[in-house]
Amino acid sequence: MRETNEETMGDQPVILGFDPGRQKCGLAVMGVDRRLYYHEVVTADGAIATIRSLRQQLPISLLVMGDQTSSKAWKRRLNEELGEPLRVVMVDERHSSLEARDRYWQMYPPTGLTRLVPEGMRTPPRSIDDIVAILLIERYLHRLTA
């Protein structure tokens, strides 16, 4: 899902989910109503430019980021390279990759012969870092309401 749904959003602030990595990063934008507006996996080299572009298109109020792989370095880099600082909240990302794999199949149900493969044995046909970013936003929102 590369496109953004600006026309259905109005002026509602949205949250940017960021799953940082050394090679690739997952990005997602979700409203506090849990409506998903954008998700994509980008190269680590292109992550800052994509975040800048998303900030120009959408009223992003906060960035939620996983707290594991290279997160401290990414937080520092975001603060240094983004023109306007963005409030960053770290979220526990333990087990998020396993959860993202299950979520992938909920979002994109298997077709053809893949339906016959038991769910635990299926491997998504693409990177799921963007789905991890969705889960990070959901974990943050759950933390607010718990």
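In this predicted model, ring pairs link Tyr 104, Trp 105 and Tyr 108 into a cluster. A search of the whole structure finds three aromatic pairs. One of them joins Phe 18 and Trp 74, whose ring centres lie 5.2 Å apart with their planes at 80 degrees, so this pair is edge-to-face. Because Phe 18 belongs to strand 1 and Trp 74 to helix 2, the pair ties together parts that are 56 residues apart in sequence. Both Phe 18 and Trp 74 are buried. In the pair formed by Tyr 104 and Tyr 108, the ring centres are 5.0 Å apart and the planes stand at 40 degrees, so that pair is tilted. The geometry of these two pairs is set out below.

| Ring pair | Distance between centres | Angle between planes | Class |
|---|---|---|---|
| Phe 18 and Trp 74 | 5.2 Å | 80 degrees | edge-to-face |
| Tyr 104 and Tyr 108 | 5.0 Å | 40 degrees | tilted |

Tyr 104 has a relative accessibility of 7% and therefore counts as buried, whereas Tyr 108, at 31% relative accessibility, counts as partly exposed. Trp 105, another member of the ring cluster, has Arg 122 lying over its face, at 5.5 Å from the ring centre.

When residues up to four places away in sequence are not counted, Leu 63 touches Leu 16, Phe 18, Ile 51, Leu 78, Leu 86, Arg 87, Val 88 and Val 89.

The side chain of Asp 130 makes a polar contact of 2.9 Å with the side chain of Arg 126. If neighbours within four places in sequence are left aside, Asp 130 is in contact with Gly 26, Leu 27, Ala 28, His 39, Glu 40 and Val 41.

Arg 34, found in the loop between strand 2 and strand 3, has a phi near 70 degrees, which is a positive value in a residue other than glycine. With a relative accessibility of 39%, Arg 34 counts as partly exposed. His 95, which lies in the loop between strand 5 (88-91) and helix 3 (96-107), has a phi near 65 degrees, again a positive value in a residue other than glycine. His 95 has a relative accessible area of 63% and is therefore exposed.

Terms used:
Residues are numbered from 1 along each chain as its sequence is written. Side-chain values use heavy atoms; hydrogens and water are left out. Contact means heavy atoms within 4.5 Å. A polar contact is a pair of N or O atoms within 3.5 Å; within protein, one must be able to donate a hydrogen and the other to accept it, and residues adjacent in sequence count only if both atoms are side-chain atoms. Helices (H or I, at least four residues) and strands (E, at least two) are DSSP runs, numbered from the N terminus. Buried means under 20% relative accessible area, exposed over 50%, partly exposed in between (1.4 Å probe, protein chains only). Rings of Phe, Tyr and Trp (its six-membered ring) pair if their centres lie within 6.5 Å; planes under 30 degrees apart count as stacked, over 60 as edge-to-face and the rest as tilted. A charge sits over a ring if NZ of Lys or CZ of Arg is within 6 Å of the ring centre and within 35 degrees of the ring normal.
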